[in-house]
Amino acid sequence: MALINTYDGRLLLSETTVGAGAQVLLLAFLGTAIGLGPAGWLTGLAFGLATWAVLNRALLRTRTRTFGPANRVTLGRAILVGAVTALVADSFQGSPPVSLFVGLTAVALILDGVDGQVARRTNTSTALGARFDMEVDAFLILVLSVYVAMSMGPWVLLIGLMRYGFVAAAKVLPWLNNSLPHSMARKTVAAVQGVFLLVAASGLLPYAAGFALVALALGSLLWSFGRDIAWLFRNRTADVEPTAATGTAGATVTVAVVAPAARRTAELVTS
């Protein structure tokens, strides 16, 4: 915790605090524009506070010296995800404006491909930044699945919960933390989840077509997870790569350096 007394430490905390302030301002805009209700306000503020607290803790524990441009992009996406989360929470009492919901979500999904590019081009890739990116993506998928589940049924929640279930299972079954081979199929399946959920949530398609699209997303995800788990079981070993503690989006998590619980997380969500 000594880093907090240095200039770099204070600078890092100031950047995350600006992000938390931006989250409040965006919620205030939503409150003015659409009359965001108490549920939306409380959920959005809780998300922003949790992100601020856990990200600060991770930055200080890893003794990160600079926040970096890629993390700024990811923080911007986290702010958008906080707004989407607030809209979804508010939707239990009344439907949010579809155009606003789709617009915020679409920008968050598009920017998912930006932070990685920025990190590579500026040579600022870090394990913390990768995990931050993963957790923001995973939470957005979970929120979208909650929203779509309200119209299509609770089975849609499997899309958002599957990644968290895999990470939880990896704590009980260590062989799930062994390395997975690279797979374009896995990346492709990951990329369609957020897009398919957003299209279904937008109402642009007839109900039957949207239902089929989400079912296809879930089916492909089940196939991808099943294939990887089967491969890990066949190649299970007691040797697991070392891990480092970090986290975001409201929970402290474990970063596996090359383990699939982290790698699959990176490819499970849209990128």
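The model is predicted, so to speak of local features takes a pLDDT of at least 70, side-chain atom pairs count only at pLDDT 80 or more, and totals for chains, interfaces and linings use all residues. Residues are numbered from 1 along each chain as its sequence is written, and side-chain values use heavy atoms, with hydrogens and water left out.

**Helix α2**
- Helices here are DSSP runs (H or I, at least four residues), numbered from the N terminus.
- α2 covers residues 38-61, and its 24 residues reach 34 Å from first C-alpha to last, close to the 34 Å expected at 1.5 Å a residue; that expected span is 1.5 Å times one less than the number of residues.
- Just after α2, R63 takes a positive phi of about 55°.

**The largest nonpolar core**
- A nonpolar core is a set of buried Ala, Val, Leu, Ile, Met, Phe, Trp, Tyr and Cys residues joined through side-chain atoms within 4.5 Å, where buried means under 20% relative accessible area (1.4 Å probe, protein chains only).
- The largest one has 58 residues, and F101, V148, V156, I159, L197 and V214 touch the most other members.
- α5 gives the most to this core, with 13 residues.
- Setting aside neighbours within four places in sequence, L197 is in contact with I141, L144, S145, V148, V156, I159 and V214 (contact means heavy atoms within 4.5 Å).

**Lining of the second largest pocket**
- α5 gives the most here too, with five residues.
- By class, this lining has 11 nonpolar, five polar and no charged residues; Ala, Val, Leu, Ile, Met, Phe, Trp, Tyr, Cys and Pro count as nonpolar, Asp, Glu, Lys and Arg as charged, and the others, Gly among them, as polar.

Key: Helices (H or I, at least four residues) and strands (E, at least two) are DSSP runs, numbered from the N terminus. Buried means under 20% relative accessible area, exposed over 50%, partly exposed in between (1.4 Å probe, protein chains only).
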